[in-house]
Amino acid sequence: MVVRALLQRNAYYDSITLMAVAQAARDLPGVEDAGAVMATELNCELLRNAGLFPDAFLAEQDTPPGPSDLLIVVRAIDEMHAAIALAIAEERLATRESPAVAAPPETIVPRSLEAAIRRDPDANLAVISVAGEHAWLEAEQALRLGLHVFLFSDNVPIQREQALKTLAIQRGLLLMGPDCGTAIINGVGLGFANVVPRGPIGIAGASGTGIQQLTCLIAAAGMGISQAIGTGGRDLSEAIGGSMMRRALELLADDSQTAVIVLVSKPPADLVAREILRIVAQIAKPVVAVFPGADPYRFAAIAGSGRMARTLTEGAALAIALAGGDPARVPGWEIVNSDAASEAITSRARFHSMAEPHLAVECMQVTLSQRYVRALYSGGTLCDEAMLLLSERIGPIASNIPLYPNWALAPGETFRGHTALDLGADEFTQGRPHPMIDPTLRLHYLARAAEDPETAVILLDIVLGFVAHQNPAAVYAPAIAQARTTAAAAGRMLSVIVSLCGTEGDPQRFSTQCAALEAAGALVFASNAAAALAAASIIEANGQ
Amino acid sequence: MPNGLRLSATAVAGPLQQLKPGMGVWIGNGMVRIPACELCIRLPTAFPWEPRPTVAAGCWHRDTVAHHAFLLAHHLAGRSTQGGLAVLAGPLLLGWTELHADNIYPPMLLNSSAKPGHHRQSMATAYPSAGGSWCSQATLAQMALPALRALALATQKQDIAGVVEAAQRLAGLGPGLTPSGDDTLAGFAAVIALLGAQLSTDAAPREHIAAAIAATARPRTTMLSATLLAHAAHGEVAEPLGDLLLALVQPGAEHETLFQAAARLLSLGATSGCDALLGVLLGLQALSDETCAENVY
């Protein structure tokens, strides 16, 4: 056994480097042990105890090593192996000192935006998802460096958003965000996005799940998406005034690949809606606007040439028709259409006309105590859409994002009559992942809703695609089956309706997820509007 | 870090390239001055980051803290294969008698009736000797364990001389730019300084003990580590550690916050986070167990 060492005075290497160097030395053939430690008194003792102390070597030094000096020691079977090990260790340290020189570029992770751009000067988009309080800084830097920005982060102060969007517009750049969950640019999905074909319909959206539902329905009907530009959830608020939405509409209007434009957002402030719809009127291409959750008559007067759709499903169908496709191919179209057309039809006739035989069976067996729908949503916009449709048919829907203030849930109240929860809202996502990624919280509420004897229908959305949970059915199907079994044992028929937003091209595969959920007894709809209407029908039929 | 700065302007890129570790930096009066580069940066009026977690704000129920510490001790014990001192979590915090390579199952069940006198560690049996293993880690642990026990005991008795002697056996010990022993001392010192009053039975502050630890370490370790330790003794810690301390106070049912904070801390550095957490848990133990030195959670 031979012990050899090298000493670097006043060395400054981070712990991970030192650990890697020591490990690399240890992994070499013929090396029994190695260490890379700062030469503190105790470490010298440590090396001594481990049989690694290089007495002779240190005796040769002019001054004894101190705590700021690095000592690399190897114990090997002979001189040659020891020398090789030390040489390799030294080389590793040297490459850490000037990474641009020695190590192959792909192993080095750039530590700053500028370094990343130097590495790849053609990059023109920055995707940012750090915590909101710091994200604006990164976004500003990216914009100043000439990059478009996809800003996934939320909790960015509103003044920062204003400043950033002003800067972006000045520079002719896109700032998609903050709080932008979804975009599809040139066929590439950003954030939570589904795999959809390219095609002639362009989307400008201030709602992530709104964009997702539209793209999935359009894909199911056989058409495709040219671009889906996200603007961030707050873009159509009064403070921001729709600046990025305006830009997105301009881009889509000029885009040769886009024949029809769809605009989706949570209901905007009147002033902003007016301004946006005025711009829409000036666009030569047909534009469909959807504000899920809004009273459909609210914007009719100012819509001008823009076509207002009440639901995402209708919006998708309208867009498809305008692009020359067949709107009847949009999933849920029949249900939504007949609902819209009907006025004084009794609910029993309504659900018969839905041509859903198992739905009829579900309606028949609900017990009298079960009176309410409990909706558990991960997407706020889908929740809004459902609440609008449900409230029109069955009355007030209590919620943490109520359509009207007096429908708000009291603190500590879980359900109150008909209830719809947006479990992706801030109060539910503090310190835990979003329900689209982590099902834990939703499963908890599912169980609670199932236990409640007043629950007749549970409605939930499951969103597929990139970034979402890799196999939601594997988690939800057993839970749904369990819930229905438990209810059945107590003499209750519990209906579970799933609004499944996704495509065949998604990693989870729509058909696979659908089959698993249906096998567990859920009624699955690709159209969120249809799902909500189905839930309403069950309640209404029970009431008669 | 309590003395880190990030700038948004890219225009300053040139002068910053001349910076080298060890150069003096003056911070104050809303400015950062680096004389060696003739650089003077005016700081914006943005709110500065506060490295001292606001512990006074929380309600420090001993039972909640003890329960959380118990959970974290187990969690840490499962991380022993990463290197550093995490391998001591079992023997030090949970009363395990032997070190095991994977530490997944304690050699004895968590037996509250186990007598203190039986807690003697036997390292010789446990360590793997497969080719390529870090035999020195066993040595490291062997050196650190008695010193850490002594540190906790001396702290409980408020025996400064004992604290100093124990710290002398830990400062500068172990791999890393911030040696493992230092990271553990930092976690320990931060807890003693910040929570000494809240959690001890006599409710007396113990900053002087933390200060003694930092002073002892100063000449015995790298400049960086000594500086960080000095800050820790004032209760000024890296953000992940601060977040963990605050998460300790979350009501008993809220484990997710706690484990997320723990995950962030444990991923700090190569072993710094794990070593710091060991120190934190040891510090909590020292504050809560005023009577028996070898109590288990």
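Predicted model: local features only at pLDDT ≥ 70, side-chain atom pairs only at ≥ 80, totals over all residues.
Let's start where the chains meet. The contact draws 32 residues from chain A and 32 residues from chain B. Sorted by class, the side of chain A that touches chain B holds 15 nonpolar, 9 charged and 8 polar residues.

Now for the sheet. Strands of a sheet pair through backbone hydrogen bonds, and the pairing can be parallel or antiparallel. In chain A, 6 strands line up as an open sheet with parallel pairing, in the order β15-β16-β14-β17-β18-β19. The edges belong to β15 (398–399) and β19 (523–525) of chain A; each has a single partner strand, so one side of each goes without a neighbour in the sheet. Further in, β17 (residues 455–463) and β18 (residues 495–501) of chain A run parallel and are joined by 7 bridges. Val457(A), for instance, has Ser495(A) in β18(A) as its bridge partner.

Helices pack on this sheet too. Helix α15 (residues 380–394) of chain A touches β14 (372–377), β15, β16 (419–422), β17 and β18 of chain A, and its direction makes about 165 degrees with that of β14(A). Helix α19 (residues 510–519) of chain A packs on the sheet as well, touching β18 and β19 of chain A. The direction of α19 makes about 175 degrees with that of β18(A).

Notes. Residues numbered from 1 in each chain as written. Chains lettered and ligands numbered in written order. Contact = placed C-beta atoms within 7 Å. Nonpolar A, V, L, I, M, F, W, Y, C, P; charged D, E, K, R; others polar. Pairing = 2+ DSSP bridges. Helix = DSSP H or I, 4+ residues; strand = E, 2+ residues; numbered from the N terminus. Axes fitted to C-alpha atoms, helices over the stretch in contact; angles between N-to-C directions.
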